[in-house]
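Please open the model in your viewer and keep the selection tool at hand. The stops below take you from one selection to the next, with a short note on what to look for at each.

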Amino acid sequence: MRQRLAAANWKMNGLSRNLWDITNLAEWQKNSLVEILFCPPATLIHPIAKALTGLTGTSVQIGGQDCHTHASGPHTGDISAEMLRDCGATYVILGHSERRHGHNEQNILIRAKAETALRFNLTPIICIGESGEDRQHSRTLDIVTEQLEQSVPDGAADKGVVIAYEPVWAIGTGKTPSIDQINDVHMHIRKKLDTRFGSETGQRIRLLYGGSVKPSNAEPIFQCPYVDGALVGGASLDPRKFSAIIDALGST
């Protein structure tokens with residue numbers, strides 16, 4: 001049975017004073033059966049990892065928001081997978097729509113980043129999802145399939161890779177697809193993974209939903225049989241809201 005995962009993507013938010021938000025939530029959720037992940041800005045990864053080492057019984061992990069395809073080199077402003085690991089990270093988000101669209105990242109680049117992350121024992125969370133225009137023109141499943149096939153590396157199922165479906169038009173907008181739409185896309189992704197990796201192996205890959213997840217809509221989303229957790233943006237900046245989402249995930 002796949003362990004459920006609640007992942008927080010803080011994006012370009014968070015300062016040293018926000019360390020208390022994470023340690024407090026870790027205390028509140030210390031007995032949770034849900035795996036909890038914070039992906040803060042790179043400046044906070046090491047301080048958070050250090051703060052969590054003193055806590056007992058916590059399931060909180062730390063991740064990065066991106067990494068380079070190279071292990072090191074002349075890449076000003078970038079961060080490597082090895083650096084993230086050295087800071088205490090165990091996960092990394094890759095292919096988020098804000099990277100795909102804001103930085104023109106293509107599937108082949110995201111796949112290369114995922115392969116590098118795996119070499120340094122980081123678990124990639126690979127994001128896929130359609131734009132509003134794609135949805136309007138009934139291209140959702142085609143786009144998701146293409147991104148899935150081209151962004152996810154071979155051997156992903158054996159190495160714990162996580163897939164996050166995030167419709168671009170829902171991220172930070174307050175809009176969410178219907179529960180049927182979420183379930184249909186996740187079911188489609190699951191079938192594609194089963195076909196590519198084999199039904200037994202493909203079942204190991206966890207599927208997250210992301211896109212305006214909040215306490216008020218979390219429970220019905222998590223009741224979808226093909227949803228294993230969430231990648232949460234804005235709501236994860238509020239420890240009480242994120243804790244409520246974790247509770248909903250753990251109770252469904």
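**Stops along the chain**

Begin by selecting Glu-130, which counts as buried, its relative accessibility being 0%. Bear in mind throughout that this is a predicted model.

Next, select Arg-196 together with Asp-154, whose side chains meet in a salt bridge with an N to O distance of 2.8 Å. Arg-196 belongs to helix 8 (residues 179-197), whereas Asp-154 sits in the loop between helix 7 (140-151) and strand 6 (162-165), so this pair ties together parts that are 42 residues apart in sequence. If you colour the two by accessibility, Arg-196 comes out as partly exposed at 31%, while Asp-154 is exposed, with a relative accessible area of 54%.

In total, the structure holds 15 salt bridges.

Now move to helix 5 (residues 107-119) and pick out Arg-111 and Glu-115, which are 4 residues apart in that helix and therefore separated by about one helical turn. The two form a salt bridge, with 3.6 Å between the closest N and O atoms.

For the last stop, select Gly-64, which is found in strand 3 (residues 60-64). Gly-64 is buried, and its relative accessible area is 0%. Which residues does Gly-64 touch, not counting those up to four places away in sequence? Show Cys-39, Ile-45, Leu-84, Ala-89, Tyr-91, Val-92 and Ile-93, for these are the residues that Gly-64 touches once such sequence neighbours are set aside. To finish, draw a distance line from the C-alpha atom of Gly-64 to that of Val-34, which lies 30 residues away along the chain, and the separation is 19 Å.

Terms used
Residues are numbered from 1 along each chain as its sequence is written. This is a predicted model: local features need pLDDT of at least 70, side-chain atom pairs count only at pLDDT 80 or more; totals for chains, interfaces and linings use all residues. Side-chain values use heavy atoms; hydrogens and water are left out. Helices (H or I, at least four residues) and strands (E, at least two) are DSSP runs, numbered from the N terminus. Buried means under 20% relative accessible area, exposed over 50%, partly exposed in between (1.4 Å probe, protein chains only). Contact means heavy atoms within 4.5 Å. A salt bridge is a side-chain nitrogen of Lys or Arg within 4 Å of a carboxyl oxygen of Asp or Glu.
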